[in-house]
Amino acid sequence: MRVVVALGGNALLRRGDCPDAAVQHANVKAAVAALAPLAHQHELVITHGNGPQVGLLALQSAADRSLTSPYPFDVLGAETQGMIGYWLLQSLQNALPGRQVCALLNQTLVSSADPAFTRPTKFVGPVYGREEAEALAASRGWTVRQDGTHWRRVVPSPDPQRVVETRLIRLLLSSGAVAVCAGGGGVPVIRDENGQLTGVEAVVDKDLTAALLAEALDADALLLLTDVPQVVRGYGTKEAEPIGHTTPPRLRAERFPAGSMGPKVEAVCRFVELTGGMAAIGSLDDAAALLDGTAGTVVTPSGRPFHNGAATPEDRP
């Protein structure tokens with residue numbers, strides 16, 4: 001099977017972790033240990049988040065007095081793709097001796113007219129208390145929003161239209177390589193009136209890009225791996241209830257925050273609706289079980305589990 005996996009940025013830099021390179025590298029090694037068994041059995045595409053990492057680089061850039069202006073977010077996105085891609089590349093090569101692995105820098109086409117540019121929702125950077133977040137927003141011109149019990153900076157997150165290098169990724173898969181690509185949702189770019197690509201100030205949601213890429217690559221399954229075991233209905237309330245097997249309409253009927261679980265739910269629903277395949281949201285440690293349909297929140301057209309990710313005839317369009 002062809003499987004697209006999206007690693008959450010918080011799986012690589014957990015809440016409360018010191019953002020040192022050594023800490024992140026150790027987390028990447030742990031992530032790869034969970035993913036390597038999938039690569040032995042399936043064609044594997046790995047994407048990853050970059051919210052904590054790109055926010056950290058933005059802070060460093062803003063504090064650098066040698067710069068006349070901070071680096072733009074498209075450039076910071078490319079930097080994080082290279083950094084995290086390198087760690088994943090090396091760890092996968094060590095875990096899969098003899099297997100070809102490629103970490104590819106990607107651009108993701110977005111629309112300059114996307115309303116997201118005027119309504120920032122994508123969380124980046126570290127967490128703050130409310131007072132500190134509001135002070136930073138006032139002094140640096142940020143937009144901040146509540147993220148659970150903390151506060152974080154938010155930036156525009158336009159809808160991905162296409163991964164520019166999709167054909168190259170398909171070529172890598174056809175050669176038998178494991179592809180690490182579209183990190184952080186890809187570097188956001190638009191086309192000008194001359195058809196030329198140029199970067200824009202935004203961070204594309206990696207889960208929506210992963211769904212787009214999975215559909216374009218004719219993937220059989222999409223796994224969104226994060227730091228929670230399942231999607232929870234009524235999260236944070238007395239009526240909280242984990243969601244197991246479900247369908248896109250039933251999942252869409254629930255309400256989830258736009259800056260966190262909302263895009264993941266939208267991503268799995270889009271993929272299943274477009275392809276008739278299966279998608280799942282759950283813990284990195286449960287990657288294999290998610291594909292088997294025995295853990296996490298598993299989304300299929302009928303709500304019935306697939307066997308090892310494979311659709312039954314009545315589920316395929």
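In strand E16 (278-283), Thr226 finds its bridge partner in Ser283. This is a predicted model, so to speak a computed one, in which local features need pLDDT of at least 70 and side-chain atom pairs count only at pLDDT 80 or more, while totals for chains, interfaces and linings use all residues. Residues are numbered from 1 along each chain as its sequence is written, and side-chain values use heavy atoms, with hydrogens and water left out.Thr226 belongs to strand E12, and 6 bridges tie E12 to E16 in parallel. (Strands, labelled E, are DSSP runs of at least two residues, and helices, labelled H, are H or I runs of at least four; both are numbered from the N terminus. Two strands pair if DSSP finds at least two bridges between them.) E12 also pairs with E1, again in the parallel sense, over 5 bridges, and here Val4 sits opposite Leu222.

E12 is mostly covered, with 6 of its 6 residues buried; buried means under 20% relative accessible area with a 1.4 Å probe, protein chains only. In a regular strand the side chains alternate between the two faces of the sheet. In E12, Ala221, Leu223 and Leu225 point one way, and Leu222, Leu224 and Thr226 the other.

Next come the nonpolar cores, which are sets of buried Ala, Val, Leu, Ile, Met, Phe, Trp, Tyr and Cys residues joined through side-chain atoms within 4.5 Å. The largest has 35 residues, and those touching the most other members are Ile169, Leu213, Leu222, Leu251 and Phe271. Elements supplying at least two residues each include strand E1 (2-7), helix H6 (166-174) and strand E12 (221-226). H9 gives the most, with 7 residues. Apart from this core lies another, of 34 residues, with Leu44, Val178, Leu284 and Leu290 among them. As for Leu213, its contacts (heavy atoms within 4.5 Å) beyond four places in sequence are Val45, Thr47, Val163, Thr166, Ile169, Cys181 and Ala182.

Val163 turns up again in E8, as the bridge partner of Thr108. E8 and strand E4 (residues 107-109) run antiparallel, joined by 2 bridges. Both belong to an open sheet of 4 strands in the order E8-E4-E10-E11, with mixed pairing. Strand E8 (162-163) and strand E11 (197-199) stand at the edges with a single partner strand each, so one side of each has no neighbour in the sheet.

On a 1 Å grid over the protein atoms alone, a cavity is a set of points where a 1.4 Å probe fits but cannot get out, and a pocket is an open set with protein on both sides within 12 Å along at least five of seven lines; lining residues have an atom within 4 Å of a point. The largest pocket holds about 890 Å³ of space. Of its 37 lining residues, Arg15, Asp147, Asp227, Ser260 and Met261 are the closest to its centre. Helix H3 (51-63), strand E5 (122-128) and helix H9 (261-275) are among the elements that give two or more residues to this lining. By type, the lining splits into 11 nonpolar, 15 polar and 11 charged residues (Ala, Val, Leu, Ile, Met, Phe, Trp, Tyr, Cys and Pro count as nonpolar, Asp, Glu, Lys and Arg as charged, and the others, Gly among them, as polar).

There is 1 cavity of 30 Å³ or more, and the largest cavity has a volume of about 50 Å³. Its lining is made up of Gly55, Leu59, Val124, Gly125, Pro126, Tyr128, Trp142 and Arg153. E5 provides the largest share of that lining, 4 residues.

Key: Grid points are joined across faces, edges and corners, and a volume is the space filled by probe spheres set on the points. Buried means under 20% relative accessible area, exposed over 50%, partly exposed in between (1.4 Å probe, protein chains only).
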